[in-house]
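Please examine the sequence and the model shown here before reading the briefing.

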Amino acid sequence: MRKPPAKRSRYSEHVETSKEQRPKKTPHAKGQSKNGTNASTKGKELDEETSEIQRIILGNYSIATWYSSPYPDEYKGSQELYICQQCLKYMRYRETLEAHSCPDPFPRGRCVYEDASMVLYEVDGKAHTLYCQNLCLLSKLFLDQKTIYYDIGSFLFYVLLTKQQHSSGTDSLAYTFVGYFSKEKAPVERNNLACILVLPPFRGQSYGQMLIELSYELTKLEGTTGGPEQPLSSQGFHSYRSYWRRAIVQTLLGTTLQTAKYLHHSCERKRHSLEALSLADNQRIYSVSRLAQLTGIRTEDVLFTLEDLGLLGCWHGKYVVCISDETIRKVIAERSINPALRIDPNGLLVDRNDDEYESLSDSSTDISCSDHS
């Protein structure tokens, strides 16, 4: 089977560059500006920097900020902001936070996922406007390319919270805000994620991968495919490439198709000879469109990932995946891919039409030849 013709992917620039690192704030010596010149000539630069919020207090965490966010000017003077974990209201003083009482129930929105340690709530930007505006202001402190939406009624926000027993010893649960992702209610380009944030204290604990995985699980429940809003940052690309690799090898290993059945179906429709493609008994063949349907990943991202893993081939002018389980396991070992699920499939609580999903499940077991060339 020959390899597909090489072409430049929209992710090529990310593949060719190293992973983006978290920005570091460089301390400035007293009386000097950022480039070492006298502060009397560069006083405006120093004033602008010191007037920005340097740290937030959220729950039990004191978190240094990475970027500026357009909070009202009167909240920037102290350089430290106190934020309520429940409503994300921002305050200048600890005493104000301690006296603060949230009028709305928490968590808000509807629960769409829950397991033993965390929950995911869907919050409608139209129904909870102030909360979602506060969420956008908070996220801008840690995202360089984040756009602030004041008209956010067309977005849904999926807020991830960890849960644990309340310290008071009661049966009530205490929740900790970890991160979120947002998406448009009616995306034009099949985007299932517009923005994603995991707060710095929780990074490196797979929460970002869980949010990405949950965004695709919701996409599959809708019976469609999708992907992140473009363009991706370098850090975002590496996170998504890691998920795409894992989801696709997971699907390849978990799906059993008989090669002979596929070839018979294809020969019957296209009059190809069974001898046109020589396959070992332990090899299986897949259509790209079927992989997209099973994973919820849009076709162009499936194609990129298969080519990235060296699993893509061409047969009679069509893209196909024709590999053995041994080949997949070799790729997993070489690329250090962990194909294990990060979420509990039984934790999805979204209402759905049983007939619709039975139909989708039935169609996923058929063998399709309608690949994208």
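This is a predicted model: local features need pLDDT of at least 70, side-chain atom pairs count only at pLDDT 80 or more; totals for chains, interfaces and linings use all residues.

Residues are numbered from 1 along each chain as its sequence is written, and side-chain values use heavy atoms, with hydrogens and water left out.

**Residue R108**
- R108 lies in the loop between α3 (94-99) and β5 (110-114); helices (H or I, at least four residues) and strands (E, at least two) are DSSP runs, numbered from the N terminus.
- With a relative accessible area of 8%, R108 is buried (under 20% relative accessible area, with a 1.4 Å probe and protein chains only).
- Beyond its neighbours within four places in sequence, R108 is in contact (heavy atoms within 4.5 Å) with Q86, C87, Y121, V123, H128 and Y131.

**Residue L232**
- The loop between β11 (227-228) and α6 (234-254) holds L232.
- L232 is also buried, its relative accessible area being 13%.
- Although L232 and Y11 are 221 residues apart along the chain, their C-alpha atoms are separated by 8.5 Å.

**Helices α6 and α10**
- Helix α10 (residues 325-335) packs with α6 at an angle of about 155°, the axes being 10 Å apart; axes are lines fitted to C-alpha atoms over the stretch in contact, and angles run from 0 to 180 degrees between N-to-C directions.
- The two helices are therefore roughly antiparallel (angles over 145 degrees).
- R245, V249, L252 and L253 of α6 meet D325, I328, R329, I332 and R335 of α10 in this contact.

Key. Buried means under 20% relative accessible area, exposed over 50%, partly exposed in between (1.4 Å probe, protein chains only). Angles under 35 degrees count as roughly parallel, over 145 as roughly antiparallel, 65 to 115 as roughly perpendicular and the rest as oblique.
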